[in-house]
Amino acid sequence: MNKLKLFLLIMCVFMFSNISVNAKTLENVTEIDPSLKCKINRDIDANIYSMQGVYFFSKYAVYTGYQADDSIGYLTLVDLDECQVIDINGEKVLGHGNDITYNPNNDTYYVTSGLTDNKVYSFKINDNKIVYTDEITANIRLGAFAYDTERDRFFNYTVNKVYALPKLDSSMDLITELNSVDTIYDDMTLVPQGLAYSNDKIYFSRYVSGGDNYILIYDAESGEYQEALYIPKKVFSGEIEGITVVDNMIYLGYNSAGTQSFLEFDLSVLEAPVELTEDNENENETIQETVVKVDDTLKTQNLIVVILGILMSSVGVFCYVMSINKNQKYNE
């Protein structure tokens, strides 16, 4: 009888372990198809390393060429129209060099060491030459950051939270926590990359192992999640490293297959009205019906699994009670 009880217990555990428990669902997702503007081949001999932090401006992009946290970080300036590297500065160890942002009020760029320490390095670009200007020690780790031009402040991401800072070295009592950022959605882990700010929104680029990438968008005042843009690997495969948003244009930096790739996408395309034809309407109705059927099927399957689990548990309890009664009769 002990073997039977053990078997029933194992069956119940197995049944309940297969009841699906979904992670947080990523809502309001729109697939986008950015175009490739420029691609730079990696060349270690020429100090052209893989991309980490990146910032786009005018017809240029500047990114951190990374080799190791304790090795030289190569700030690399790229002319996107000519698609060529025009300057490299290898004067400093930049840690992970995780993100780059720009403050137009003082015409200064900043690169964060990431989560290796609290350092931020400022630099200017004069006549297409990168020149370091200062080294700042922040009072909070800066994993990724962006500059808010309207409110003259910085946004910072670290350890699953987004903060607002009046200055990069603001004291802790002046730093405001905006929101917590989920890491797991629909059983996939979204790796944090770079931040961007534009039009009262925070744009957070996220990478999924395997080549898919997302851009999660938050309200800059409340920190609340609004929507997500999805770049599947079938559109462009690689690891998104950073993002810059200027008006309606979004610019993306990618590491992919021995290259640094620079992409762009016009957000105004998403706001353009879609002219529906009879075929489109029928197609939309078919898609909606399919989604409803799949959703209903999953709900039914989950309900069946729960009911079976309860039934198996009840059988186990019944058998256990019967065994106790038999043992009592035997002992009598």
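User: Before we start, what should I know about the model and its numbering?

Analyst: The model is predicted, so local features need pLDDT of at least 70 and side-chain atom pairs count only at pLDDT 80 or more, while totals for chains, interfaces and linings use all residues. Residues are numbered from 1 along each chain as its sequence is written, and side-chain values use heavy atoms, with hydrogens and water left out.

User: Okay. How many disulfides are there, and which residues does a disulfide join?

Analyst: A disulfide is a pair of cysteine sulfur atoms within 2.5 Å. By that rule there is one disulfide here. Cys38 and Cys83 are joined, with 2.2 Å from S to S. The link is right-handed, with 95 degrees about the S-S bond. Cys38 is in strand S2 (residues 35-41), while Cys83 is in the loop between strand S5 (72-79) and strand S6 (84-93). The two are 45 residues apart, so you're looking at a link between distant parts of the chain. As for the labels, strands (E, at least two residues) and helices (H or I, at least four) are DSSP runs, numbered from the N terminus.

User: Is Cys38 buried or exposed?

Analyst: Buried means under 20% relative accessible area, exposed means over 50%, and partly exposed is in between (1.4 Å probe, protein chains only). Cys38 has 2%, so it is buried. Cys83 has 30%, so that one counts as partly exposed.

User: Now the strands. What holds a sheet together?

Analyst: Strands of a sheet pair through backbone hydrogen bonds, either parallel or antiparallel. The rule used here is that two strands pair if DSSP finds at least two bridges between them. Zoom in on S7 and strand S8 (residues 108-112): they pair in the antiparallel sense over five bridges. Asn103 stands opposite Thr108 in S8.

User: And what does strand S4 pair with?

Analyst: Strand S3 (residues 50-57) is joined to S4 by six bridges, and the two run antiparallel. Tyr55 has Val62 in S4 as its bridge partner. The hairpin of S3 and S4 has two residues between the strands, and Ser58 takes a positive phi near 50 degrees there. S4 also pairs with S5, in the antiparallel sense, over six bridges. Here Thr64 has Leu75 as its bridge partner, and the hairpin of S4 and S5 has five residues between the strands. Strand S4 (residues 60-66) is mostly covered, with seven of its seven residues buried.

User: How many aromatic pairs are there, and how do I read one?

Analyst: Rings of Phe, Tyr and Trp (its six-membered ring) pair if their centres lie within 6.5 Å; planes under 30 degrees apart count as stacked, over 60 as edge-to-face and the rest as tilted. A search of the whole structure gives 19 aromatic pairs. Take Tyr109 and Phe123, which are stacked at 5.3 Å centre to centre, with 15 degrees between the planes. Tyr109 lies in strand S8 and Phe123 in strand S9 (residues 119-126), so the pair ties together parts that are 14 residues apart in sequence. Both residues count as buried, Tyr109 at 5% and Phe123 at 0% relative accessibility. The rings of Phe123 and Tyr132 have centres 6.4 Å apart and planes at 70 degrees, so that pair is edge-to-face. Ring pairs also link a cluster that includes Tyr55, Tyr109, Phe123 and Tyr132.

User: Which charged ends sit over a ring?

Analyst: The test is that NZ of Lys or CZ of Arg is within 6 Å of the ring centre and within 35 degrees of the ring normal. The charged end of Lys92 sits over the ring of Tyr132, 5.3 Å from its centre. Another case is Arg206, whose charged end sits over the ring of Phe204, 4.8 Å from its centre.
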